[in-house]
Amino acid sequence: MTQGLRRIGVLGGMGPEATIYFMQRIVAAVSARDDADHIPLLVDNNTQVPSRIAAILEGSGADPGPVLVSMAQHLQQAGAEALVMPCNTAHHFARQVADASDVPFLNMVDLASAHAASLVPEGGRIGLLGSPALAQVGVFEPALGAQGLSALYARDPAHVLDTIRSIKAHGPSEQAADVLNAVARQMAEDGAGAICICCTEFSLLFDRITASVPVFDSLELLVDATVQFSRLGTVQTQR
């Protein structure tokens, strides 16, 4: 039995299938002989978090920030020793979440940007295969800029948004995979040195997305960081 594993609080429900997939990937990442070897998770699979897309893209929805802050505080009160949020777009509110508690927040955007820097030389561009809301508010730009990198987005953001909505409503499909592969090819043609899957709905299709440049999944990086922090109390990131 593994002793002293730290409890990780998960701000979930964005969307619920992606949260469950994150939990499955945590289980799969551990070589376990017994239940006690697995990472202890406290999960708030809160499907009632106001829509990030409505709030950011459309300017018509309620502010998700206060709900995320409340989730973070309740998870800490329940015994979480670190927090994670497996939703890239929700990282627009990451500072509020991190400031709402006294425990570490494992930032998926920072992890993805550090990994991108291990794949692409300084000055390179990273294709961000995620919600158009990422571009509108520049969720990745500060972290990528700190690594000497810049972001590249889909030429047709509306098509990408339709695909997110389709996966939320109907689950992952071959049609959605075809759209994402076409966007990945476009990003490579436009000069992306690597492509980051940065929508957890798209993470459900990660193994079906290919391009002529490296493709990596921000969710998988968060999985690795979650396991590492639970075991060691720290996270090592790459340049």
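Visitor: In which loop is Gly15 found?

Guide: This is a predicted model, in which local features need pLDDT of at least 70, side-chain atom pairs count only at pLDDT 80 or more, and totals for chains, interfaces and linings use all residues. Residues are numbered from 1 along each chain as its sequence is written, and side-chain values use heavy atoms, leaving out hydrogens and water. Helices (H or I, at least four residues) and strands (E, at least two) are DSSP runs, numbered from the N terminus. Gly15 is found in the loop between strand S1 (8-12) and helix H1 (16-28).

Visitor: Which residue does a cis peptide bond join to Gly15?

Guide: The omega of this bond is about -10°. The partner of Gly15 is Met14.

Visitor: In the open sheet of 4 strands, which strands stand at the edges, and why is one side of each left without a neighbour?

Guide: The order is S5-S4-S6-S7, with parallel pairing; two strands pair if DSSP finds at least two bridges between them. Each edge strand has a single partner strand, so one side of it has no neighbour in the sheet. The edge strands are S5 and S7 (215-217).

Visitor: How many bridges join S4 to S6?

Guide: S4 and S6 run parallel, and Leu129 stands opposite Ile197 in S6. The number of bridges joining S4 to S6 is 5.

Visitor: What span does helix H9 reach from its first C-alpha to its last?

Guide: Helix H9 covers residues 174-189, which makes 16 residues.

Visitor: Which helices do the buried residues of H9 pack against?

Guide: Buried means under 20% relative accessible area, with exposed over 50% and partly exposed in between (1.4 Å probe, protein chains only). The buried residues of H9 include Leu180, Val183 and Met187. They pack, with contact meaning heavy atoms within 4.5 Å, against strands S4 (125-129), S5 (150-152) and S6 (192-197). The helices they pack against are H8 (157-170) and H10 (200-203).

Visitor: Which element gives the most to the largest nonpolar core?

Guide: A nonpolar core is a set of buried Ala, Val, Leu, Ile, Met, Phe, Trp, Tyr and Cys residues joined through side-chain atoms within 4.5 Å. Of its 63 residues, Ile126, Leu129, Phe140 and Phe202 touch the most other members. With 8 residues, the element that gives the most to this core is H9.

Methods: Expected span 1.5 Å × (residues − 1).
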